[in-house]
Amino acid sequence: MAKTKRSKSTESKQPQKSFSLKSSKRTKIIFGSFLILFSIGLFISFISYFFNWQADQSMLGHVLERGKTANNWLNKFGAYISHLLIYKGFGVSIISLPAMLFVTGVYLFLNLKLFKIRSLWFWGFYLIVWFSLSFGFFVNSYPILGGVVGYELNDFLQDYIGKLGIVLVLIFMLIIYLVSRLNLTPDALSKSFTKHKENVKEEVSEVKFERQTNSEKTNTKEEVALDPSLDTETDPSHPHDKDVEMESTFSEKSLKEPSEKEKIVIKSEDEDDVAMEVETTQDEEESDQLSKKLVEDFGEFDPTLELANYQFPSIELLKDYNSGRGITIDQKELEQNKNKIVDTLKNYKIEIAQIKATVGPTVTLYEIVPEAGIRISKIKNLEDDIALSLSALGIRIIAPIPGKGTIGIEVPNQNPSVVPMRSVVASNKFQNAEMELPIAMGKTISNETYTVDLAKMPHLLMAGATGQGKSVGLNVILTSLLYQKHPAEVKFVLVDPKKVELTLFNKIERHYLAKLPDTEEAIITDNTKVINTLNSLCIEMDNRYDLLKDAMVRNIKEYNTKFKARKLNPENGHKFLPYIILVVDEFADLIMTAGKEVETPIARLAQLARAIGIHLIIATQRPSVNVITGMIKANFPARMAFRVTSKIDSRTILDAGGADQLIGRGDMLFTQGNDLIRLQCAFVDTPEVERITDFIGSQKAYADAHLLPEYSGEESGIGVDNDIEDRDKLFKDAAEVIITAQQGSASLLQRKLKLGYNRAGRIIDQLEAAGIVGPFEGSKARQVLVPDLLALEELLKNEQKS
Ligand SMILES: Nc1ncnc2c1ncn2[C@@H]1O[C@H](COP(=O)(O)OP(=O)(O)OP(=O)(O)O)[C@@H](O)[C@H]1O
């Protein structure tokens with residue numbers, strides 16, 4: 001019972017959490033406007049204090065008395081706070097405090113990055129202390145100049161280093177300020193001095209340049225244009241103002257370079273020998289400073305800037321199937337199952353020392369500790385007997401449970417509860433997940449939300465017989481990412497031969513999808529186009545590796561961090577790299593039609609793409625060995641198995657049995673290469689996905705879907721050989737069968753000519769190349785282009801001649 005309560009209380013807390021996450025922007029606006037108004041009030045009371053401080057002295061002891069009034073423009077509050085901060089505090093220099101508060105307020109209000117004003121506060125207080133200490137000398141004649149702090153500090157230091165010592169300290173502090181804050185080094189001063197003298201022309205052009213950069217700084221719109229992830233910006237045919245800015249900064253660097261060179265002269269002791277001059281340069285430091293300067297000027301690069309107002313979908317779009325009920329525990333059922341397990345085992349003379357039950361959403365795990373001396377294999381062999389006595393399907397025995405000294409018996413609940421997507425998305429585990437690509441898969445047997453990082457998997461193989469929850473599983477993965485990742489950070493390439501499963505995602509084409517240039521539909525439903533896309537992804541992978549190599553980083557995360565810190569120049573082709581996730585629903589279909597041509601790029605991507613942020617999710621109904629070949633399997637360590645029909649299928653997908661004993665409807669086994677975990681997949685229904693895609697689709701989008709590199713493969717995608725010599729022996733027979741039936745399908749050839757699938761497919765390709773049948777049209781049969789056998793004879797004769 002206690003468990004039920006706990007699950008309820010966590011459920012009720014979750015929505016609050018999500019509210020607080022969403023409202024942080026609003027809080028900033030409220031707090032920011034408070035700071036702005038407070039700083040104005042403070043400034044007014046300070047100014048007024050300078051005129052009225054003596055007159056208001058007498059009422060400071062009676063601040064709380066309502067009848068008393070002060071001359072300060074902010075009455076008693078103004079008089080009191082000014083007295084506290086000026087007279088009793090730092091003196092007149094504290095007048096910069098309202099300015100600092102004002103700037104902070106503006107930053108909060110506009111939701112700008114706060115790290116920039118850290119130095120403002122540090123140096124602001126530095127100056128306040130400096131002035132306060134300096135004015136401490138005049139405290140007898142003007143007490144409010146340095147305030148009590150200034151006086152005490154001055155007095156304290158005088159006791160140790162005397163007045164002259166203080167003056168020296170003040171000078172030293174001033175030097176620190178000028179050098180560190182204002183960058184006023186003698187070098188810089190003399191450089192600017194000589195520059196002025198050197199060339200009047202140069203000076204004029206410099207003024208022009210300065211004006212240009214100033215105008216750019218004020219133009220926030222153009223700051224957006226710096227976003228190199230945008231196709232228009234990266235297009236070299238569209239140089240824009242910001243590029244000019246970058247160029248000028250870089251050329252400034254090259255101007256500086258010679259002066260940074262150090263010359264070392266090596267003189268030999270032998271007088272006849274020639275002295276050698278060695279020049280050393282400090283390239284590294286220079287570029288570092290440049291990136292620091294860029295970051296100081298523009299802040300870190302923000303890839304989300306173009307869609308800065310993008311709103312993440314709220315969890316309200318998801319349905320709460322249990323409406324806060326959580327899982328229900330049926331004590332009677334638990335007791336009955338326990339007794340049956342104990343009795344069955346007793347029949348086989350297996351005594352139990354201890355038994356414990358953990359209730360999950362669909363199954364309950366009974367953990368038993370057998371008496372000493374009982375062999376584990378004996379219990380494992382009783383799987384069917386226990387299933388029989390409990391008269392339930394889907395019983396799985398885990399002997400022993402890894403990491404525990406117990407044996408687990410998983411028994412399906414009579415009333416399984418759905419795990420709504422809403423509950424896993426709202427869970428703290430998912431909301432606070434520090435993962436690159438977090439996925440809230442569902443709940444474990446102990447009813448905890450299970451989240452995984454797709455980036456760490458790094459590729460996922462998914463299998464399950466029809467109707468067991470694969471499509472829901474795919475939607476769960478995609479929705480999880482939509483809830484956590486900005487459109488600039490992740491792009492999907494969706495392959496959906498069934499044409500109906502992923503169509504809803506068409507609505508977010510210009511936000512989240514990637515496609516080949518010159519294609520209309522982003523979601524690929526035609527198997528022949530898949531090959532082009534896969535090859536294009538391979539090109540993208542190679543390009544990304546080149547970028548990583550150039551940036552001297554090992555993976556996409558380091559690359560993007562470096563890019564955000566403006567250490568990589570967009571002019572050299574560097575850009576923010578979004579993660580690309582390739583989802584293939586019904587992989588078996590693809591392998592059957594295109595075989596090696598898809599297997600090779602998929603295996604290549606799976607082997608190499610992990611570091612550069614391309615991740616593959618492949619789903620199939622038929623996990624047979626000719627679909628999931630050894631090469632593919634070896635590169636997909638993460639597997640997700642819904643219920644399959646046979647033990648062999650379970651072995652193919654998981655390398656272990658178990659998936660055949662699942663109960664369906666989202667019940668699944670998941671492994672990332674080591675332990676198998678039983679999970680209940682979260683449930684997200686089509687209307688919910690539709691609401692989310694509608695919500696995202698209705699917002700401002702990029703101009704087009706993310707464009708993948710162009711792949712100039714053969715038009716049909718499949719290498720069709722039109723060499724007459726290489727044609728299959730049965731080519732003519734096949735042509736006749738097809739023309740007689742006027743139906744261009746490989747299965748017809750299989751039946752009529754008793755061929756295997758692959759050979760029939762090859763002949764169909766050859767018929768296409770010969771112009772006898774039309775191109776592949778998805779699930780429809782190909783069009784037959786030759787009307788009758790006579791026309792075929794004619795066509796073949798003409799071929800021979802030419
Ligand atoms: N996690 C889940 N929780 C509860 N019910 C589920 C879950 N997943 C699937 N179901 C139920 O199973 C049905 C079939 O699921 P789904 O469409 O995902 O199957 P599928 O494996 O994709 O089938 P197919 O391969 O034929 O497309 C759903 O309509 C739903 O009723």
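This is a predicted model: local features need pLDDT of at least 70, side-chain atom pairs count only at pLDDT 80 or more; totals for chains, interfaces and linings use all residues.
Student: Which residue follows α21, and what is its phi?

Tutor: Helix α21 runs over residues 587-594, and the residue that follows the helix is G595. The phi of G595 is positive, with a value near 50°.

Student: Is I617 buried or exposed, and how far is its C-alpha atom from that of F587?

Tutor: I617 belongs to strand β13, and because a residue counts as buried when 20 or more other C-beta atoms lie within 10 Å of its own, I617, with 26 such atoms, is buried. Leaving aside residues up to four places away in sequence, I617 touches L460, M462, I477, I581, L582 and V583. F587 lies 30 residues from I617 along the chain, and the separation of their C-alpha atoms is 9.9 Å.

Student: Why do the buried residues of α25 line one face of the helix?

Tutor: The buried residues of α25 are V689, I692, T693 and I696. Viewed down the axis of α25, these buried residues fall within a limited arc, so they line one face of the helix; the arc is 95°. In general, an α-helix has 3.6 residues a turn, so residues three or four places apart point the same way. What covers the buried residues of α25 includes α18 (509-512) and α17 (470-484).

Student: What span should the twelve residues of helix α25 (residues 686-697) have, and how far apart are its end C-alpha atoms?

Tutor: The expected span is 1.5 Å times one less than the number of residues, and for the twelve residues of α25 this gives 16 Å. The distance between the end C-alpha atoms of α25 agrees with that expectation, being 16 Å.

Student: At what angle do the axes of α17 and α25 cross, and how many charged residues does their contact have?

Tutor: The axes of α17 and α25 come within 11 Å and cross at roughly 35°, and the crossing is left-handed. The contact is made by N475, T479 and L482 on the side of α17, and by V689, I692 and I696 on the side of α25. By class, this contact of α17 with α25 has four nonpolar and two polar residues, and the number of charged residues is none.

Student: Which peptide bond is cis, with omega near -10°?

Tutor: In general, most peptide bonds are trans. With omega near -10°, it is the peptide bond from M457 to P458.

Student: Where is Q742, and does it count as buried or exposed?

Tutor: Q742, a residue other than glycine, has a positive phi near 50°, and its place is the loop between α26 (731-741) and α27 (746-753). Because 12 or fewer C-beta neighbours within 10 Å mark a residue as exposed, Q742, with 12 of them inside 10 Å, counts as exposed.

Methods:
Residues are numbered from 1 along each chain as its sequence is written. Helices (H or I, at least four residues) and strands (E, at least two) are DSSP runs, numbered from the N terminus. The arc is that of the directions from the helix axis to the C-beta atoms. Two residues are in contact if their C-beta atoms, placed from the backbone, lie within 7 Å. Axes are lines fitted to C-alpha atoms, for helices over the stretch in contact, and angles run from 0 to 180 degrees between N-to-C directions. A crossing is left-handed if the near helix is turned anticlockwise from the far one by less than a right angle, and right-handed if clockwise. Ala, Val, Leu, Ile, Met, Phe, Trp, Tyr, Cys and Pro count as nonpolar, Asp, Glu, Lys and Arg as charged, and the others, Gly among them, as polar.
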